[in-house]
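I opened this notebook to look up backbone torsions and strand pairing. The entries below follow the order in which I checked them.

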Amino acid sequence: MRKVIFIISLISLNSFQAKTISDSLYISNNYYNRILFNECDACGCAAGNGSSGFESLLNPQFVGIKYFAQHYKAKENLFVNDFTQDQYFNTIQIWTKIPLTNKLSVYGSLPFHFHEKKTLQGDININGIGDFNLMGIYKLINSKDKIHELNGGVGIKVPLGKFDEKGISGVNPGFQLGTGSWDYQAVLNYRFQKNRLAILFNTDYTIKTENKKHYQFGNQWNYSATGFYQIFRNEKSNISAKAGFQGEAYGQNRQYGEDLPKTAGSALYGKIGFEVSYKKISLGTELMLPTYTNLAGGDIEAKSRLGIFLNFGI
């Protein structure tokens, strides 16, 4: 552990609390810990290490399964301007959030990746376990009227996923199952809530270290703002729609201490989705489309992301 976790965050949010359950989004005090982590499905860098962006208003403590798909187009021939290579990053992930005290919770996730890229020489596929994420989340502020809440967390990514040194020679060096490095994360989140409306802002920062192959992926900053609106609620069920945006920025990759060209980048997505709950079961989905993309010096173009999760309250 050679580096100290650092994060500059932003954030703010609004969702307001009503006087009765029938008129309110009615979010419990504990639920909010879960949305802190913006879920970096760590399979590499730039295009490969995208954030799924899931935020949820349901189940303060849970165990669940999530599917997350990303689609990119890349310049297979660097001497041609056309984006000819399709790249598909797919992840099935087990995740959970367990409270230890009234203010402290533990979040964990373990992904399984199955990625594919279509080249002129044929399809290339990799699949296997990814890097394990573990994070502690602490409630920093919780107002007595339950309108304001501020949470922060720090965590670590354990390099369980395979890092293939040959993979870094392609257009997208993030076509990997893992970074091969111990990486460190920090997150901050603020909420303001009332009635049927909620608006959540989230930010997280990941410091990536050099792996055993002397390769280091660039640090990553994610940020998002999501608005929720409660469409329906009764004693057993709840339906909410959501919309917002999410951005990502990546630093340059390094090898043997030297910066590598065309490895930094950024992207901004718009997103829509919904979440439904019945008793302790919640189902959610989210579609993300890029409004701006400049990955790998323009050699990779973000296309779309789709996520689905199913959680069980514990």
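Before counting pairings, I noted the criterion: two strands pair if DSSP finds at least two bridges between them. I also recorded that the model is predicted.

Entry on strand 15 and strand 16. I looked up how strand 15 is joined to strand 16 (residues 300-313), and I found 9 bridges, with the two strands running antiparallel. Across this pairing, L295 stands opposite I300 in strand 16. The two strands form a hairpin with 4 residues between them, where A296 takes a positive phi near 55°.

Entry on strand 14 and strand 15. I then turned to strand 14, which pairs with strand 15 in the antiparallel sense over 14 bridges. For A267, I read T293 in strand 15 as the bridge partner. This pair of strands also forms a hairpin, with 2 residues between them.

Entry on K279. I located K279 in the loop between strand 14 (265-278) and strand 15 (281-295). Its phi is positive, about 55°, although K279 is not a glycine.

Entry on Y256. I found Y256 in the loop between strand 12 (254-255) and strand 13 (258-259). Phi of Y256 is near 50°, again a positive value in a residue other than glycine. Y256 counts as exposed because its relative accessibility is 56%.

Note on methods:
Residues numbered from 1 in each chain as written. Predicted model: local features only at pLDDT ≥ 70, side-chain atom pairs only at ≥ 80, totals over all residues. Heavy atoms only, no water. Buried < 20%, exposed > 50% of the residue type's maximum accessible area, 1.4 Å probe, protein only.
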